[in-house]
Amino acid sequence: MRGMHLSPDDSLLTHIVDDLAERGWSRQRLFLPESLTGELARECRKRAAEGELAPAGVGRGAAQEVREGIRGDHIQWLEPGQSASCDQYLELMDSLRQALNRGLFLGLEDFESHFALYPPGAFYRRHVDRFQDDDKRMVSAVVYLNDHWLPEQGGQLRMFPEGGGVLDVLPVGGSLAVFLSGDMPHEVLPASRERLSLTGWFRRRGNEPF
Ligand code: OGA
Ligand code: MN
């Protein structure tokens, strides 16, 4: 039962897997239990108030730099064992990782994630999540933590699927957006209010030696 083991029910996981296989993206309105959404939002705000979130960089490794004209969010990477609510989130994402492996044979071994806070007006220009020099990121998953989000407040995740057109997802609290990291260009539109999320990537093992 949903809530007891904090694992989304199998049919929800199956939907996500099927959506990804058929069209490369999925959106679930009710992914996080409501109480957990509230706890994670509080934790994100607390970390921000304590100065733990830092302007996000663009690029990877030594080439990384902060460029607010490209992305204006503030982030903090998650580690297991920091709080009960973050650990519950990580547990949920691990059940999704296992479902993706069962259904799509992606060989996902790892999950990395961060809190993200977009101040009003901040955005993230069109990009693809997989790095050019590191193809380990396979599936991107964003969980939104915003109460009562209204369409006129903006802040959409805008995806550009291969076949053409655009897909907009509002960052509604408790909902989940998932897409293939290598194939789905996307952007975050500016919002009139603060926009909170947990963004993560399921990764496969890389070929290169570390
Ligand atoms: C990202 C990203 C989308 C969102 O962090 O790479 O594209 O909706 N986030 O927050
Ligand atoms: Mn992205």
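**Ground rules.** Since the model is predicted, local features need pLDDT of at least 70 and side-chain atom pairs count only at pLDDT 80 or more, while totals for chains, interfaces and linings use all residues. Residues are numbered from 1 along each chain as its sequence is written, chains are lettered from A and ligands numbered from 1 in the order in which they are written, and side-chain values use heavy atoms, with hydrogens and water left out.

**Entry 1, the metal.** I went to the manganese ion (ligand 2) and asked which residues coordinate it. I found His127 (NE2), Asp129 (OD) and His186 (NE2), at 2.1 Å. Donors here are N, O and S atoms within 2.8 Å of the metal (3.2 Å for Na, K and Ca), and water is not among the atoms, so the site may look incomplete. (Strands are DSSP runs of E, at least two residues, and helices are runs of H or I, at least four; both are numbered from the N terminus.) Buried or exposed, Asp129 and His186? Both are buried, where buried is under 20% relative accessible area, exposed is over 50% and partly exposed is in between (1.4 Å probe, protein chains only).

Asp134 is buried, at a relative accessible area of 7%. Its side chain makes a polar contact with the side chain of Arg60 (3.3 Å). A polar contact is a pair of N or O atoms within 3.5 Å; within protein, one must be able to donate a hydrogen and the other to accept it, and residues adjacent in sequence count only if both atoms are side-chain atoms.

Which polar side-chain atoms lie by an oxygen atom of ligand 1? I noted Tyr144 at 2.6 Å, Arg195 at 2.8 Å and Asp129 at 3.2 Å.

On a 1 Å grid over the protein atoms alone, a cavity is a set of points where a 1.4 Å probe fits but cannot get out, and a pocket is an open set with protein on both sides within 12 Å along at least five of seven lines; lining residues have an atom within 4 Å of a point. Points are joined across faces, edges and corners, and a volume is the space filled by probe spheres set on them. Of the 18 lining residues, Tyr118, Tyr124, Val142, Val188 and Thr199 are closest to the centre. β11 gives the most to this lining, with four residues.

The largest pocket has a volume of about 520 Å³. Of its 25 lining residues, the closest to the centre are Val58, Gly59, Tyr124, Phe131 and Arg137. The second largest pocket comes to about 300 Å³. Among its 17 lining residues, Glu34, Thr37, Asp147, Gly173 and Gly174 are closest to the centre.
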